[in-house]
Amino acid sequence: MKIQNLLRWISLTLPIFIILTNQSQSHRTQPQPILDNLTIDSFINKTLQWKSRQIIFQGNKLKLSASTVLAGVFCFIAASISSAGGIGGGGLFIPILIIVAGLDLKTASSFSAFMVTGGSIANVMYNLCTKSAKFGGKTSIDYDLALLSEPCMLLGVSVGVVFNLVLPEWLITVLFAIFLVWSTFKTCRNGVGLWKMESDQHQETRNGYEKLENGVIKNGTCGESEEIKSLEEPLVGMEGKEKSRFPWKKLVVLIMVWFSFFLIYLLRGNRYGQGIIPMKPCGVGYWILSLFQIPLAIAFTSWILRRKVAIACQGPKKQGVNKLIFPLMALFAGGLGGVFGIGGGMLISPLLLQVGIAPEVTAATCSFMVFFSSIMSAFQYLLLGMEHTRTALIFSVICFVASLLGLMVVQKAIKEFGRASLIVFSVGIVMALSAILMTSFGALDVWEDYSSGSYMGFKLPC
């Protein structure tokens with residue numbers, strides 16, 4: 001036994017000794033370690049070379065390969081996480097398609113529009129078919145909030161696109177990083193606060209049931225007090241328990257708003273003159289149609305504000321919220337979405353949570369608004385002669401299935417554990433990942449422009 005143990009010890013230590021000896025000899029022949037040559041500049045340059053090779057390899061074509069399948073898997077995971085928060089997920093889809101699948105930015109953006117559309121369709125279908133007892137047997141979608149926000153969000157996207165053409169890339173990247181970091185911090189803090197509030201309410205509920213079991217007796221029978229009845233109320237509630245009909249009138253108005261802006265986009269075309277009617281690129285007619293969106297959004301918003309509707313604002317900040325703040329937030333979120341090249345759903349969701357809108361209402365309403373904006377983007381890409389439509393539809397189906405699966409899992413968890421804060425955390429996760437991926441790629445593009453000596457100042461929109 002001693003001989004066997006000795007041989008075993010020698011067999012284990014001999015390879016280690018040989019490796020250490022070889023390393024010492026190599027250090028003698030190489031006076032400078034290899035790590036000394038790996039500077040930050042060389043790392044960035046190698047990353048840019050890898051990115052260029054990836055894009056050159058695929059270009060604007062998407063072939064069936066291991067990278068394409070892997071991109072589909074990652075997009076499935078991203079869509080399932082994004083659907084829980086009611087946001088589109090374009091901030092994750094575009095980097096995945098560029099990094100993993102090797103697509104160029106233009107093709108990745110067009111694919112992302114179809115993928116967001118697929119996910120939003122799943123969200124809207126699920127929310128329309130699901131009646132929540134927490135909201136008096138109604139859906140979680142706040143149609144009044146969508147009506148107040150949609151016109152200004154569409155206007156903000158158009159304004160943001162113009163600023164995207166004017167502002168330098170480095171400024172867009174800095175603004176994007178600042179806003180997403182701030183929004184992620186606020187969203188996660190709201191999620192932690194809501195989690196603690198839910199825990200306190202669960203503890204109060206357990207204490208109430210313990211009092212009931214210990215003998216809350218009325219007239220010789222075991223009866224529930226008003227305090228205990230209040231403990232059985234849902235964590236997230238809405239005023240007005242009456243069961244309402246489907247708001248066809250509000251839906252028709254939303255479709256009118258969508259069609260009005262879509263008609264302007266069709267007539268105007270893009271800045272290269274690609275539209276349904278011949279128009280001089282960036283000419284007088286182009287800018288007249290563009291500016292016509294301002295009175296159109298003001299008219300729709302004013303008409304909606306004149307109607308006496310109540311926005312279901314829950315949470316600690318539900319007191320004293322002016323309805324005018326919602327179109328202003330939508331204008332701000334849409335403008336940032338146009339500047340950054342992503343949907344406004346991911347940007348308006350943390351703002352709605354910040355003013356106290358219930359997480360379930362925020363998720364359902366944001367997905368409803370994203371449905372209209374994503375369909376408009378998909379139609380625009382189709383009319384402009386988008387290639388590989390069949391592949392884009394396949395990816396949209398993947399996101400549709402992933403969104404349904406993510407919604408069912410999260411809603412089941414909320415129903416079982418009473419944790420609506422899971423929606424807030426899902427929004428925070430998507431925003432944090434988007435901040436890391438989009439900011440990193442933006443920084444690489446800025447470094448490439450700086451290294452090549454390209455112009456990095458303000459530009460004309462045409």
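Because the model is predicted, local features need pLDDT of at least 70 and side-chain atom pairs count only at pLDDT 80 or more, whereas totals for chains, interfaces and linings use all residues. Residues are numbered from 1 along each chain as its sequence is written, and side-chain values use heavy atoms, with hydrogens and water left out.

A search of the whole structure gives 12 aromatic pairs. Rings of Phe, Tyr and Trp (the six-membered ring of Trp) pair if their centres lie within 6.5 Å; planes under 30 degrees apart count as stacked, over 60 as edge-to-face and the rest as tilted. The rings of tryptophan 258 and phenylalanine 262 are stacked, since their centres are 5.0 Å apart and their planes are at 15°. Both residues belong to helix α9 (residues 248-268), where a spacing of four residues separates them by about one helical turn. Helices (H or I, at least four residues) are DSSP runs, numbered from the N terminus. Tryptophan 258 is buried at 13% relative accessibility, and phenylalanine 262 is buried at 8%. Buried means under 20% relative accessible area, exposed over 50% and partly exposed in between (1.4 Å probe, protein chains only).

Tyrosine 286 and tryptophan 287 form an edge-to-face pair, with 5.1 Å from centre to centre and 90° between the planes. Tyrosine 286 is buried, at 9% relative accessible area, whereas tryptophan 287 is partly exposed, at 29%. Tyr143, Phe368, Phe371 and Phe372 are linked into a cluster by ring pairs. Tryptophan 195 has arginine 419 over its face, at 3.9 Å from the ring centre; a charge sits over a ring if NZ of Lys or CZ of Arg is within 6 Å of the ring centre and within 35 degrees of the ring normal.

The largest nonpolar core comprises 88 residues, and Leu97, Phe261 and Phe368 have the most contacts inside it. Such a core is a set of buried Ala, Val, Leu, Ile, Met, Phe, Trp, Tyr and Cys residues joined through side-chain atoms within 4.5 Å. With neighbours within four places in sequence left aside, leucine 97 is in contact (heavy atoms within 4.5 Å) with Cys75, Gly102, Leu103, Ala108, Phe111, Ser112, Met115 and Phe395. Another core, of five residues, lies apart from the largest one and includes Ala84, Ala363, Ile414 and Ile423.

Helix α12 (residues 325-340) has 16 residues and spans 22 Å from its first C-alpha to its last, close to the expected 22 Å at 1.5 Å a residue; the expected span is 1.5 Å times one less than the number of residues. Of its 16 residues, 12 are buried, so α12 is largely enclosed by the rest of the structure. Among the buried residues are Phe326, Met329, Leu336, Val339 and Phe340.

Serine 158 lies in helix α6 (residues 143-166) and is buried, with 12% relative accessible area. The side chain of serine 158 makes polar contacts with the side chains of tyrosine 265, at 2.6 Å, and glutamine 293, at 2.8 Å. A polar contact is a pair of N or O atoms within 3.5 Å; within protein, one must be able to donate a hydrogen and the other to accept it, and residues adjacent in sequence count only if both atoms are side-chain atoms.

Glutamate 198, in helix α7 (residues 169-213), is buried at 1% relative accessible area. Glutamate 198 and glycine 418 are 220 residues apart in sequence, with a C-alpha to C-alpha distance of 7.6 Å.

Terms used. Helix = DSSP H or I, 4+ residues; strand = E, 2+ residues; numbered from the N terminus.
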